[in-house]
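The following note sets out points on the packing and strand arrangement of the model shown below.

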Amino acid sequence: MTKNKKTCFVIMPFSENFDIYYDNVYIPAIENENLIAQRADNLYKAGDIIKDIWENINQCQLVLADLTGKNQNVFYELGLAHAVNKPVVIISENIEDIPFDIRGLRVITYNKNKPNWGDILKNDISKSIRETIENPE
C-alpha cells in the first residue's frame with residue numbers, strides 16, 4: 001500500500017490478456033482520476049496474501065472489479081469489499097458473468113469486437129470512478 005496516496009485496488013483474473021488490460025486500460029483510467037492502481041500480484045512482501053488483500057481493500061479509496069470469467073477469487077475479494085462498504089466499480093466483458101445477487105448494481109460492460117473498445121472502456125471506467133468518488137453511496 002502506498003502511504004498517503006489514494007489508491008484504487010483492482011481485483012481481476014490473472015492472465016496475459018488481463019495483464020494487457022490492466023496496463024493499457026485500467027491503470028490509465030485510474031491514474032486519470034488521480035489514483036494509484038494497485039492489485040494483489042503487485043504486493044511483494046512476505047506473508048499472508050489474503051491479509052494483504054484485506055488490508056488493501058480497507059485502505060483504498062475504491063475498488064475496481066472485473067468479473068469476466070466468473071473467477072472465484074475475484075468474487076471472494078468483491079465480497080470483502082462489500083463487507084466493509086467500499087465503493088466498487090464493476091466491469092465485465094459479458095453481463096452473463098454477473099450473478100443474480102449483484103445484477104442490481106451498475107456494471108460497465110465492454111465489447112472487444114469494437115475496434116476502439118479499450119478507449120471506450122477506459123473512458124467509462126474514468127467516468128465511473130469520478131462519479132463514485134463524488135457520490136460514494
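1. The largest nonpolar core comprises 23 residues, and those with the most contacts inside it are Tyr 26, Ile 30, Leu 64, Leu 121 and Ile 125. A nonpolar core is here a set of buried Ala, Val, Leu, Ile, Met, Phe, Trp, Tyr and Cys residues joined through side-chain atoms within 4.5 Å; buried means under 20% relative accessible area, exposed over 50%, and partly exposed in between, with a 1.4 Å probe and protein chains only. Two or more residues each come from β1 (7–11), α1 (16–32), β3 (62–66), β4 (88–92) and α4 (117–134). The greatest contribution, 8 residues, is that of α1. Helices (H or I, at least four residues) and strands (E, at least two) are DSSP runs numbered from the N terminus.

2. On the basis of the model: it is predicted, so local features need pLDDT of at least 70 and side-chain atom pairs count only at pLDDT 80 or more, whereas totals for chains, interfaces and linings use all residues. Residues are numbered from 1 along each chain as its sequence is written, and side-chain values use heavy atoms, with hydrogens and water left out.

3. Leu 121 is in contact (heavy atoms within 4.5 Å) with Val 25, Tyr 26, Ile 91, Ile 108 and Tyr 110, its neighbours within four places in sequence being left aside. Another core, of 17 residues, lies apart from the largest one and has Ile 11, Ile 57, Ala 81 and Ile 90 among its members.

4. Strand β1 is largely enclosed by the rest of the structure, because 5 of its 5 residues are buried. Thr 7, Phe 9 and Ile 11 point one way from β1, while Cys 8 and Val 10 point the other way. In a regular strand, side chains alternate between the two faces of the sheet.

5. β1 pairs in the parallel sense with strand β2 (residues 36–39) over 4 bridges; pairing requires that DSSP find at least two bridges between the strands. Within β2, Ile 36 is the bridge partner of Thr 7. β1 also runs parallel to β3, to which 4 bridges join it, and Phe 9 stands opposite Val 63 of β3.

6. Together, β1, α1 and β2 form a right-handed β-α-β unit. The term right-handed applies if, with the strands pointing away from the viewer, the path from the first strand over the helix to the second runs clockwise.

7. Helix α2 (residues 49–59) has Asp 52, Ile 53, Asn 56 and Ile 57 buried. These residues lie on the same side of α2, because they cover an arc of only 135° around the axis, the arc being that of the directions from the helix axis to the C-beta atoms. Their cover includes β1, β2 and α3 (72–83). At the N-terminal end, Asp 48 caps α2, with a side-chain oxygen 3.2 Å from the backbone nitrogen of Ile 50.

8. Thr 132, in helix α4, is buried at a relative accessible area of 15%. Its contacts, neighbours within four places in sequence left aside, are with Leu 62, Pro 87 and Val 89. Asn 135, in the segment after α4, counts as exposed at 51% relative accessibility. Asn 135 and Pro 87 are 48 residues apart in sequence and 9.4 Å apart in space, C-alpha to C-alpha.

Note on methods: A polar contact is a pair of N or O atoms within 3.5 Å; within protein, one must be able to donate a hydrogen and the other to accept it, and residues adjacent in sequence count only if both atoms are side-chain atoms.
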